[in-house]
Amino acid sequence: MAIPSQSPILGVLGGGQLGRMLIQSAINYNQDIHILDPDPNAPCKDLSQRFTVGSLKDFDTVYAFGHGCDVITVEIESVNTEALEKLQREGKKVYPQPDILSLIKDKRKQKQFYQLNGIPTADFILTADKAEVIHNADFLPAVNKLGKEGYDGRGVQVLRSEADLDKAFDAPGLLEKLIDFDKEIAVTVARNEAGDLIAYPAVECAFHPTANLVEFLFAPAEISKEVAEKAEQIAKDVILKLGMVGILAVEMFVTKEGEVLVNEVAPRPHNSGHHTIEANYTSQFEQHLRSVMNWPLGNPDLRCPAAMINLLGEDGFTGPVLVEGQEEALAEQGVYIHLYGKKITKPFRKMGHVTIVSDTVAGLKEKAQRIKELIKIKSIS
């Protein structure tokens, strides 16, 4: 299949770090990308061919933006899907498809989809408000999740006993059984319009103890061949049953008995795939581009073992960014730093990431911890 020298314009809803890294991949193919984002200083501002400031949730704004594009995709789920549906009806290619975005951005619908389609997931109860959570206290220990708008650790509360019920959300959500898991893993899959499908090797995620977001990632995951094959098949099953075009990160729990359960999915590049820029033959960002543009999909295999560290804003610091320890970290072999161009830091805000590549798995975790202690994102006092 020939790729034209002047490709159709790709419009992206969202101009954060995911869009920034997508543009970095697109540059290699002379692929023009237009960005819509509400932040006039978003990370994509100076990289895209056209940058539009506007709400991702406003029908008219999204619809008008989409008219200037040939293919439309997202780097965040919280967008106006009604506008995308109208654009799709009028002949624009929208990937992932608007109905799939609507399903995934509502965790209640997402869980029901798994249940209806035989995809293994933790037991759950839908709850309308805080009173209903309290009424189902006998379901504890459980995780209380907001149906909509939760991301990066927000909108999630662990309720271990009745003493925690005051933390419950007073909004539509769900109670999900707290899983006594052995590991948290993720498998990223991608599918193009032609139906080609690939899966990246499973990665292992380690979460920040209080911020409830990924702190470290290790590739490949330390799991058996059987569990790895099961996880890959489940991830492929999810994207096929959705009928989705694009890239999909599937987060999963591995129980102590070796069972694999789907936790959540993200229909876009995801934190669990950042290491692929250096560690895999095709990065998740290039794969996103290939899938939504209906180009041939790239080789997802690992080149070498890798670790990824999220660079979060240090607790107690808000203001203009100051990066400590960057030169010391760069002096280490196999260390690659990615800063996201955000001008203001806040506690636990994602400000960048570091990938560490190695010939062997041995020593990766210790090196990752050492690099994490070296690089600190603070503010200029």
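Select Gly 243 to begin: this glycine follows helix 7 and has a positive phi, near 70 degrees. Keep in mind throughout that the model is predicted.

**Stop 1: helix 7**

Now colour the buried residues of helix 7: Val 227, Ala 231, Ile 234, Ala 235, Val 238, Ile 239 and Leu 242. Which side of the helix do they take? They cover an arc of only 130 degrees around the axis, so they sit on the same side of helix 7. Turn to the other side and pick Lys 225 and Glu 226, which are exposed.

What do the buried residues pack against? Show helix 4, helix 5 (107–116), strand 10, strand 11 (197–199), strand 14 (246–255) and strand 15 (260–266): the buried residues of helix 7 pack against these elements.

**Stop 2**

Select residues 181–191 for strand 10 and residues 203–207 for strand 12. The two run antiparallel and are joined by 3 bridges. Pick Glu 184 and look across: its bridge partner in strand 12 is Cys 205.

**Stop 3: the parallel sheet**

Move to a sheet with another kind of pairing. Strands of a sheet can pair through backbone hydrogen bonds in either a parallel or an antiparallel way. This one is parallel: 5 strands form an open sheet in the order 3-2-1-4-5. Its edges are strand 3 (50–53) and strand 5, each of which pairs on one side only.

Zoom in on strand 2 and strand 3, which pair in the parallel sense over 4 bridges. Select Asp 37 and you will find Val 53 of strand 3 opposite. Then show helix 1, which packs on the sheet and touches strand 1 (10–13) and strand 2. The direction of helix 1 makes about 175 degrees with that of strand 2.

**Stop 4: two cis prolines**

Find the loop between strand 5 (93–94) and helix 4 (98–104), and select Pro 96 within it. The peptide bond from Tyr 95 to Pro 96 is cis, with omega about 0 degrees.

Next, go to the loop between helix 6 (130–135) and strand 7 (142–146), where Pro 141 lies. Leu 140 and Pro 141 are joined by a cis peptide bond too, with omega about 5 degrees.

**Stop 5: two asparagines with positive phi**

Select Asn 30, in the loop between helix 1 (17–26) and strand 2 (33–37). Asn 30 is not a glycine, yet its phi is positive, about 55 degrees.

Finish at Asn 294, in the loop between helix 9 (284–292) and strand 16 (306–312). Its phi is also positive, near 60 degrees, in a residue other than glycine.

Is each one buried or exposed? Asn 30 has 58% relative accessibility, so it counts as exposed. Asn 294 has 18%, so it counts as buried.

Key:
Residues numbered from 1 in each chain as written. Predicted model: local features only at pLDDT ≥ 70, side-chain atom pairs only at ≥ 80, totals over all residues. Heavy atoms only, no water. Buried < 20%, exposed > 50% of the residue type's maximum accessible area, 1.4 Å probe, protein only. Pairing = 2+ DSSP bridges. Contact = heavy atoms within 4.5 Å. Axes fitted to C-alpha atoms, helices over the stretch in contact; angles between N-to-C directions. Arc of directions from axis to C-beta.
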